[in-house]
Amino acid sequence: IDASDARVLGESYDRLRAACDIVVVEGAGSPAEINLRAGDIANMGFARAANVPVVLIGDIDRGGVIASLVGTRAVIDPDDAVMIRGFLINKFRGDPTLFEDGYREIETRSGWPGFGVIPWLRAASRLPSEDAVILERPADPREGRKLIACPILPRISNFDDLDPLKLEPGVELVMVPPGRPIPAEAAIVILPGSKATIADLAALRSEGWDIDIKAHHRRGGLIVGLCGGYQMLGRRIADPLGIEGAPAEVEGLGLLDVETTLSPAKTLRRVHGEALGAAIEGYEMHMGKTVGPGTAHPFAVLKDGKPDGAINREGNVIGSYLHGLFASPDLRHALLSRIDVAGGG
């Protein structure tokens, strides 16, 4: 990172410290990636700059936790090691007394005290993941099910929106990783939310997924864009203030007659309403405003009377700012009935 990035990060942290009694800083990746240490912004680089004490967490479910923690102590900079106050062992299955010798070995070899062993919590295992790496596990579509395909964008967000579709017996949700085309046999293509819409739209084009999506559209296939995905389906996305990076204006996929302008104001609220003839509830969480002739045909009408999203005249391109939609059985049934699948159980 450069000095300006570090300054912005420091200012953000200072604002949080001023507003909150406790700030928990979560790292990303590993503190032992010493080849990336010079530009580190997510682990020890931040801890050192902000003087934040660190607890190192080892995931025993992945295996090799002793080598991982002791190896971290062996390779990191001594000044980084001083910031680490101790370690935790996470996701332990079975009898923790069987790990006592290993636990003591970590303490002895690393010099860090252990703060405990956290058992495998079944309820926690059902929580949505925040790390998109889980999406790249290969899918094995089952015969007789219709495919729903979702490209894995580099900055994908809110992908747990799709989890209820995994439970529907008539469809198979396939997350499409970079380097692979969107399956031509897909009945629905979903464009997910994004932390940086313009950058992810560029990534989508670089993968050739825009070609796949437009081919899917020409075949009459159903396309659903959620939040950032909705913005991508429009004719234009403008970021005049540089909310996501350098100020920019780009063409969208042009499948909905709408345009989006990003702005600092963030919409965040729970909503109830009706869409596709079904009662819905969810939440809005987005930056920017989408306008245009396409919004005259909204996807949803909320209880406060406000419209949301857009549907094209043919009814096969849908855009919405609402998250959590697919948790509604009636909405799932209404959507899947468009591809001749009974759903909503």
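The protein chain of this predicted model holds eleven helices and 18 strands. Its C-alpha trace spans about 70 × 45 × 40 Å along the principal axes. Of its 345 residues, 43% count as buried. Take the contacts between residues at least 6 apart in sequence: 67% of them join residues at least 24 apart.

**Surface and charge**

The accessible surface of the protein chain is about 18400 Å². Carbon and sulfur atoms account for 53% of that surface. The chain carries 37 positive and 47 negative side chains. The centres of these two sets lie 2 Å apart.

One nonpolar patch on the surface is formed by V55, I57 and F115. Together the three have about 280 Å² of accessible area. I57 sits in strand 1, residues 54-59. I57 counts as exposed because its relative accessible area is 52%, and the cut-off for exposed is over 50%.

**Helix 9**

Helix 9 covers residues 209-218. Its buried residues are W209, D210, I213, A215 and H216. In an α-helix, residues three or four places apart point the same way, because there are 3.6 residues a turn. The buried residues of helix 9 pack against these elements:

| Element | Residues |
|---|---|
| Strand 4 | 146-151 |
| Strand 6 | 171-176 |
| Strand 7 | 188-191 |
| Helix 8 | 197-206 |
| Strand 9 | 222-226 |

Just after helix 9 comes G220, with a positive phi of about 85°.

**D308**

D308 lies in strand 15, residues 307-308. Which side chain of opposite charge is nearest to D308? R269 is, at 7.2 Å. D308 is buried and has no salt bridge. The cut-off for a salt bridge is 4 Å, from a side-chain nitrogen of Lys or Arg to a carboxyl oxygen of Asp or Glu.

What does D308 contact, apart from neighbours within four places in sequence? The residues are P298, F299, A300, S320, Y321 and L322.

**H333**

L322 leads on to H333. The two are eleven residues apart in sequence, and 17 Å separates them in space, C-alpha to C-alpha. H333 belongs to helix 11, residues 329-336. Is H333 buried or partly exposed? H333 counts as partly exposed because its relative accessibility is 41%.

Conventions:
Residues numbered from 1 in each chain as written. Predicted model: local features only at pLDDT ≥ 70, side-chain atom pairs only at ≥ 80, totals over all residues. Heavy atoms only, no water. Helix = DSSP H or I, 4+ residues; strand = E, 2+ residues; numbered from the N terminus. Buried < 20%, exposed > 50% of the residue type's maximum accessible area, 1.4 Å probe, protein only. Contact = heavy atoms within 4.5 Å. Areas by Shrake-Rupley, 256 points an atom, 1.4 Å probe, with all protein chains shown as cover. Lys, Arg positive; Asp, Glu negative; His and termini not counted. Charge placed at Lys NZ, Arg CZ, Asp CG, Glu CD. Patch = residues over 30% accessible without salt bridge, like charges linked within 9 Å, V, L, I, M, F, W, Y side chains within 5 Å.
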